[in-house]
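My entries follow the structure.

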Amino acid sequence: MIPTKLIFAARDREAALAEGAALLAQDELVVFPTETVYGLGANALRTQAVSKIFTAKGRPQDNPLIVHIAQMDQMEMVAREVPEFARKAAQEFWPGPLSIILPKSERIPENVSAGLCTVAVRMPAHPFARDLIARAGVPVAAPSANTSGKPSPTQARHAFEDLCGRVPLIIDDGACAVGVESTVLDCTGEVPIILRPGHITQQMLEKVLGQVKLHPSLLTNEAAQGKVASPGMKYRHYAPKAKLIVFTGEKKAIEKRIISMYDGYDIGQCAILCLDAYAPDYELRRIIALGEDGKGAQARLFAALREADEQGLELLLFHADPMQMGLAVMNRIAKASGNTLVDCDAQK
Ligand code: TXA
Ligand code: MG
């Protein structure tokens, strides 16, 4: 057990920066806020430091990490070469929720990239994250600060629940604004490919880069198996303890199916997850509301899954609206459910 210290950045920013940077310099771990989710950081240039991340999270060794930088010129320290279109993407979307896969520089240890010859790089938009990386003076490898398999932490207390006793410092700076992890864009081939959808969408990228593809596994929504482009794709992710079923199709058809399932289940053990506007149609049934729109759903999703577990629920019925919620939310919820999707139009 490592004693875990909690510092509130809003109250004590200087202490948070100084203690965070000092721990990173000593090859120790620090949980810090980003605009997407909380990250579990270590000095990305040190094998020893990075290996602590895998231990603390219980992360499979073959799942590579994202390297976070504070200034553009650190890109050259992390990547062996930067194709023109990757540079364009960085200039347009950094700082922000976009991770760019590039050929890896020799300076980045093997365990950061899990043996791959590529590396993911991102400059976060969160001012505290950038200040911490700048103060540490090194690139910071950081996965999401949850234990492997659980929903990503969008509040410091989520990271605390998972990692208390496993990390020396958690820096709390409130809830993460974006709420889903960064878009992962593979820039090592001829055409950029989205490996993980996020707040930066295919359309946004295409406006700047021309053609951008979606990885085929994102279109079939099936858990990728075997050898995959992004190792993170093949693991069960984000899963709550409760059983989760995702309902898709026309609104009325979804409601009918959800209500029938809800009403047939033990009282008090089940909840419906939906956008605010749909809640009245479920009348007095237990709702976990996901917000007004896609942006709200992105920000709320992981916290909602954790809340459901805190309430001890057994069954979660998710009213999907892919048009409003967007690909990032649909991708995370499909994974969280272990791809338990019910097409209500097909069941009429
Ligand atoms: O928003 C985010 O990206 C957050 C914050 C902390 O920055 N980080 C995050 O990291 O979500 P993590 O480790 O939970 O997810 C990293 C994803 C995984 O799916 C991993 O497989 C993929 O990025 N990835 C990392 N390096 C890669 C590489 N060289 N090639 C392909 N995929 C890679
Ligand atoms: Mg993660």
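Entry 1. Is the crossing of H10 and H11 left-handed or right-handed? I worked on a predicted model. In it, I found that H10 and H11 cross in the left-handed sense.

Entry 2. I noted that two packed helices are described by the angle between their axes and the distance between the axes. I looked up both for this pair. Helix H10 covers residues 294-310 and helix H11 covers residues 322-336. Their axes come within 8 Å and cross at roughly 20 degrees. Angles under 35 degrees count as roughly parallel, so I wrote down H10 and H11 as roughly parallel to each other.

Entry 3. I then listed the residues that make the contact. H10 contributes Gly294, Ala297, Gln298, Leu301, Phe302 and Leu305. From H11 come Gln324, Met325, Ala328, Val329, Arg332, Ile333 and Ala336. I sorted the contact of H10 with H11 by class and got 9 nonpolar, 3 polar and 1 charged residues.

Entry 4. I turned to the second largest pocket, which holds about 360 Å³ of space. Its lining has 18 residues. Nearest the centre of the pocket lie Gly198, Thr201, Gly326, Leu327 and Ala328.

Entry 5. Which helix gives the largest share of the lining of the second largest pocket? I found H11, with 6 residues. At least two residues of this lining come from each of H7 (202-209), H10 and H11. By class, I recorded 8 nonpolar, 9 polar and 1 charged residues in the lining.

Notes. Residues numbered from 1 in each chain as written. Chains lettered and ligands numbered in written order. Predicted model: local features only at pLDDT ≥ 70, side-chain atom pairs only at ≥ 80, totals over all residues. Heavy atoms only, no water. Axes fitted to C-alpha atoms, helices over the stretch in contact; angles between N-to-C directions. Helix = DSSP H or I, 4+ residues; strand = E, 2+ residues; numbered from the N terminus. Parallel < 35°, antiparallel > 145°, perpendicular 65-115°, else oblique. Left-handed = near helix turned anticlockwise from the far one by under 90°. Contact = heavy atoms within 4.5 Å. Nonpolar A, V, L, I, M, F, W, Y, C, P; charged D, E, K, R; others polar. 1 Å grid on protein atoms, 1.4 Å probe; cavity = no way out; pocket = protein on both sides within 12 Å on 5 of 7 lines; lining within 4 Å. Points joined across faces, edges and corners; volume = space filled by probe spheres on them.
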